Every structure is written in C-alpha cells, then in structure tokens.
Amino acid sequence: MTAEPFVVVGGDAAGLSAASKCKREDPDREVVVFERGPWVSYAHCGTPYYVKGEVEDLTDLLSLSPEDIDERGIDLHREHEVTGIDTDERTVTVRGPDGGRREQPYGDLLVATGASALTDPVDGTGLAGVCSLHGMDDAAAIRAALEPAGEATVESLGGGDFLDPSVIAPYADWEPPETVAVVGGGYVGVEMAEAFAARDLDVHVFQRSEHLLDPFGEAVAERVEAELRDRGVTLHLGETVERLAGDGRVERLECAGGTALDIDLALVGVGIRPNVGLVADTAVELGDSGAIAVDDYGRTAVEGVYAAGDCAEARHAVTGEFDWVPLGLTANRAGRAIGGTVAGDPKPAGDPKPTGDVAGTAVVKAFDQECGRTGIVDHERAEEAGFDPVSETITDLSRSSYYPGAAETVVTLTADRETGRLLGGTIVGTDRAAVRIDTIATALEADLTVPEVETLDLGYAPPFSPVWDPVLTAAKVLNGSLDEGDD
C-alpha cells in the first residue's frame, strides 16, 4: 500500500462517491468505509415513491450493492459505527455489530455522516404510528403501516437482506390507517401527501407558515396548494402542531391555536439537522449553520480530515459565503472531488479538486405540478446578503400556443437592482417545467446579469418551447423593471 488507509465514515452518497473515485485513481490505496446501518448507497429521494407504490421493492433504490462495492476493491464494513476520532494519532474508534471496539488508523479521513430528521418541535413523536422519512428503514416502516394486518413482510416490502424484521414488526397487526397527518409542508411533506393520497387516505397537511414550500416562493406555493386541494388533500396553513397524543399509538393531533384532529398515522417532516456529534471532541470546526466548516476542497480545519454531504457546508454560488444546503447532487459531487484529491488526481500535479459551489437548486413534484427553485428569491435573505432585490413573475406557455400540450408555466426571477445580476428563480407548471430551472441555475453559476440571460440562445421548436422560452420572457420583463429603476 502506498499510504495509510483512506477511511470514510458513512456509506451513502458522499462517502461512497469519494471511496470509489479514490480507488479508481489510486488502486493501490487502501480504502475503508464504515457504515453504522445495513443500508449503503441508496436513493433517499426515491423513498416517497416507494411508499406511494411507484417503486415496487425497497432494494430498487440501491445504487450500489455491497457486492458492487467489494468488486471496486473497497473494504466496506456495514453495521460498524465510528464512535470517536483521535486526530493526533490519526485513528478512529469503531464499534462492531457484536459490541466490540477497535482502533482503525487513517492517513486521510472523510466524515460523511449525513443528517437526521428533526422531531423536537412536536411532543409525542415517540408514539407508535408517528413516523419520519429519513432513510430506508423509515420508508419500510411507513409502507408496512399502510398494508393490511399481517401482510407486510420483509419479502413483500422488497427489503432483501438489508431490512431487519424488527423495523416492521410494530405494524404486523395494524389495520391500515384511514386518516393521516403530515406535519410540515416542505419537500417531504408535499411528496408524502401525494403518496398517501394515492392510497386513498384522508390526508391533512399542517404547515406553520402561511404557504407550503416556503423556499419556492408564493407563486409556486399557490399553484401547489390549489393542486393538493383539488386532489382531496386538506391543508391547515398557519397552524403550529404542538402535540401528538394517544395511548401508546397516535390517536390525535393538537395545534397551538386549538385546532385538533383525530388521526391514525402521522408523518413528521419539519426539517433535518447535520450529524456533527462525531467531531464534537476534536479540533474540527463548525460553521455558522451548525454543519462542519470546510474550504472549497472539502478540507476541515484539521489536516487530513475532510467532510462532505449533509453534514458539511459548501460555498454558495450567489452570496460567495459558506452555507448548508443538504442536497443529493451536492453530496455526490463533493465526495467525488475529495476522493480525487486524496488519490492525488489530477496527476502529476496532485492539486486539490474543488467540490463546487451550490445554489440550492431543487425540484419537487406535487401530483401534476412540477416545481423548481435555485439561488436566492426571498427578498429578506437577499437584503441580508447585501443585495437590493427586485423580482418579476410571468405566466407563459410551455410550447407554441397552437401545439398540443401547451400548458401555463409560471416563472419568477429575482435580481440585484444595482448590478442587474441574477440572484435566483423559481418555476412551476405541468409540462416539463421543472427541468427549465437548470437554465437559471447555469446562469447563476456564470454570474450572468438579467440582460445577458434575456439574450441567451435557447432552443426553439413548437413541440418544445415558444419562440421566447418562459425563462427568456421572465428575464425580458425583469430587465424592463431594472431599466425603470434607473430612471
């Protein structure tokens, strides 16, 4: 071996991307991955569609199997939890499935411990029938709870050799719920409302603010809210859930304002927090967000220690400051870059590889409504970052008006009044709307101004777009507002 092992803590997106890249570039380097659970390399974003039934087996969400990882020459240890780091001795303490402990030396270390679902704001989350959705076991438990009594098994749920029967055992004798409460109207809440509605449940969504999908802005929220109501989902906006109550099993939801509802199942999706406890007793520093502080190459304040994925910060493409934006592509991209750096790629220089900026680009589906957002669209946040924001919202067609399938597409763009620089945008519609957010995200990465976006040479043909793509139309309108501001 050419060096001490490259040790990775966490066997999902960032961790295995780093391990695979390092092993590919430096086949002689020993690469060791520790994952505290049984699942590795899975598509967390696909779990709502597994609950819905569009994905049949839980194992369909695996990107790599343990056998695939082994074939890559990576030394994978599932159900092994790293409980401590000694950065002076360059070792980690590992607890195995039998409870035994050992010390593992490292030359380079990647902390890719992810994040955990928040439940703190709500009392009673320990009751049976109160679920979160942040991992494969959570998805299996929810789907088991929806099955008729006695029908949910590891085999029927497609759990393969990964799903512990104890995860679904509490729901073995349950009758399927009739009324379900979704606490939180963000990504998970909206996707799970669709999943539950597809199973003919009486679905109620509780959101503390006045709109769903807050980061997407009002124009998107209004479309999504109308869609959910049309599909039979009851929305409780401006309601703060205070307590979930029941005798062992959840039976009732109670809000701070007095609203109450009898329920059979609750899904709490009020956010996540980075898993940073592992570095608490080390010199590894946290950023203002509470996630691990890193530089543009994923390096922490401690030599030889890197961090990536949902536990780490990244530089924001618009503000230039480090921020916490936990998304799948961010994790995969950062992990791959760190793996290349550790391996000494690119050769022969061995310069570190940048993990890349983030703009918070995200898409979500709410039944037929496709939603996208990127950058900064909230005026208060833009002002805090030193910008003078101005926004415009337009409604246009997705294709030429005479071509079948043309549908309304709503685009909001936000820019800095002084410089004309594009700061962010959102989009919503039913005809391939979400993918159009990539044009706006690319413009942000290139620091384009609104006039420059307006003159982009985007593709046109009647089946795909009007002559003026909706993004171009939005830029044209916003540019007019910026010109008026100069008068």
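A residue is called buried when its relative accessible area is under 20%, exposed when that area is over 50%, and partly exposed in between, with a 1.4 Å probe and protein chains only. By this rule Trp-174 is buried, because its relative accessible area is 9%. The structure is a predicted model, in which local features need pLDDT of at least 70 and side-chain atom pairs count only at pLDDT 80 or more, while totals for chains, interfaces and linings use all residues. Residues are numbered from 1 along each chain as its sequence is written, and side-chain values use heavy atoms, with hydrogens and water left out.

Rings of Phe, Tyr and Trp (its six-membered ring) form a pair if their centres lie within 6.5 Å; planes under 30 degrees apart count as stacked, over 60 as edge-to-face and the rest as tilted. The structure holds 3 such aromatic pairs. In one of them, the ring centres of Trp-39 and Phe-162 are 5.0 Å apart and the planes meet at 20 degrees, so this pair is stacked. It joins distant parts of the chain, 123 residues apart: Trp-39 belongs to the loop between strand 2 (31-35) and helix 2 (47-52), and Phe-162 to the loop between helix 4 (136-146) and helix 5 (165-168). Helices (H or I, at least four residues) and strands (E, at least two) are DSSP runs, numbered from the N terminus. Trp-39 and Phe-162 are both buried. Tyr-171 and Trp-174 make an edge-to-face pair, with 4.9 Å from centre to centre and 70 degrees between the planes. Tyr-171 counts as buried because its relative accessibility is 9%.

Charged groups also meet these rings. A charge sits over a ring if NZ of Lys or CZ of Arg is within 6 Å of the ring centre and within 35 degrees of the ring normal. Trp-174 has the charged end of Arg-249 over its ring, 3.4 Å from the centre.

Turning to the strands, two of them pair if DSSP finds at least two bridges between them. An open sheet of 5 strands runs in the order 9-16-10-11-12, with parallel pairing. Its edge strands, each pairing on one side only, are strand 9 (130-131) and strand 12 (234-237). Strand 9 is joined in the parallel sense to strand 16 (residues 265-268) over 2 bridges, and Val-130 stands opposite Ala-266 in strand 16.

Strand 4 and strand 5 run antiparallel and are joined by 5 bridges, with Ile-85 partnered by Val-92. The hairpin they form has 4 residues between the strands, and Arg-90 in the turn has a positive phi of about 55 degrees. Strand 5 is also joined to strand 6 (residues 101-105), again antiparallel, by 5 bridges; here Val-92 has Gln-104 as its bridge partner. In this second hairpin, 5 residues lie between the strands and Gly-99 in the turn has a positive phi of about 90 degrees.

A further antiparallel pair consists of strand 13 (residues 241-245) and strand 14 (residues 252-255), joined by 4 bridges. Ala-245 stands opposite Arg-252 in strand 14. The hairpin has 6 residues between the strands, and Gly-248 takes a positive phi near 90 degrees.

Most residues other than glycine have a negative phi. Leu-213, although not a glycine, has a positive phi of about 45 degrees. Leu-213 lies in the loop between strand 11 (202-207) and helix 7 (218-230), and is buried because its relative accessible area is 2%. Glu-79 also has a positive phi, near 55 degrees, and lies in the loop between strand 3 (75-78) and strand 4 (81-86). At 42% relative accessibility, Glu-79 counts as partly exposed.
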